[in-house]
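Here are my notes for you, as a few numbered points. Have the sequence and the picture open while you read.

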Amino acid sequence: GLAVGVATADCGPILFADAEGRAVGAAHAGWKGAFGGVIEATVAAMEALGARRGDIVAVLGPTISAEAYEVGPEFVERFTSEDPGHARYFRPSEKAGHAMFDLPAFILMRLDAAGVGRAENLALCTYADEDRFFSYRRTTHRREPDYGRLVSAIALTPRP
C-alpha cells in the first residue's frame, strides 16, 4: 500500500519491480548516480527485501536524450578514464571539444551489467518534449528562474 518514487528534471527516473519477490524500487539516475552505482545499490536493496536480480523488471522514464545532452571534455575524460569502452556513449558535438552524451544508453548498460532481468526505455526526452516534461537544462539555456520536477512512483498492490 505504500509507493516509492523519485523526482527528476532531466535525470533518469528508474522504477524497478520483482512481482514474484514482492519488492519495488525507484532510483534517480543522473550521470553521477548512474556512474557512481545508484542502480547497483537499488538492486542490492531489493535483493535484501527478497527480490531476485534476474526477476527484476526496470523501466527508464523520461530522461534527457543524447540529442540534447552536450558535455565538455572533462566529462568525457571522467567516463573514459574509468572504462575506455564508455567512449561509445559519446559522439561529437557541433561545439569544438564537446560531445553529446547518451545517458539513457549508459543507464540501460548499467541495468544490464547489474543483472536486471529486463530493462525498458520509454525513450521520452525531457528537453525536447516541452509540452509534457520539465527540463533543468532547457530552463538553464533559457535563463529562466526555476524549473519544475517530474515525479515517478511505483507501489506494490495486494495480490488478487
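1. One term to start with: buried means under 20% relative accessible area, exposed means over 50%, and partly exposed is in between (1.4 Å probe, protein chains only). Keep in mind that this is a predicted model, where local features need pLDDT of at least 70, side-chain atom pairs count only at pLDDT 80 or more, and totals for chains, interfaces and linings use all residues. Residues are numbered from 1 along each chain as its sequence is written, and side-chain values use heavy atoms, leaving out hydrogens and water.

2. Let's look at the cysteines. C11 comes out as partly exposed, at 24% relative accessibility, whereas C125 is buried, with a relative accessible area of 13%.

3. Why are there 0 disulfides here? A disulfide is a pair of cysteine sulfur atoms within 2.5 Å. The cysteine sulfur closest to that of C11 belongs to C125, and it sits 13 Å away, so it is too far for a bond. From the side of C125, the closest cysteine sulfur is that of C11, again at 13 Å and too far.

4. Where does C125 sit? Look in the loop between strand 8 (118-121) and helix 5; helices (H or I, at least four residues) and strands (E, at least two) are DSSP runs, numbered from the N terminus. Leaving aside residues up to four places away in sequence, C125 touches T63, I64, S65, A68 and F133, where contact means heavy atoms within 4.5 Å. Also, C125 and E67 are 58 residues apart in sequence, yet 9.0 Å apart in space, C-alpha to C-alpha.

5. C11 turns up again at the largest pocket: with A9, D10, Y69 and Y136, C11 is among the lining residues nearest its centre, out of 19 in the lining. (On a 1 Å grid over the protein atoms alone, a pocket is an open set of points where a 1.4 Å probe fits, with protein on both sides within 12 Å along at least five of seven lines; lining residues have an atom within 4 Å of a point.) Helix 5 gives the largest share of that lining, 4 residues.

6. Now helix 2 (residues 38-48): I39, T42, V43 and M46 are buried. They cover an arc of only 100° around the axis, so they lie on the same side of helix 2; the arc is that of the directions from the helix axis to the C-beta atoms. Their cover includes strand 2 (12-18), strand 3 (23-29) and helix 4 (103-113).
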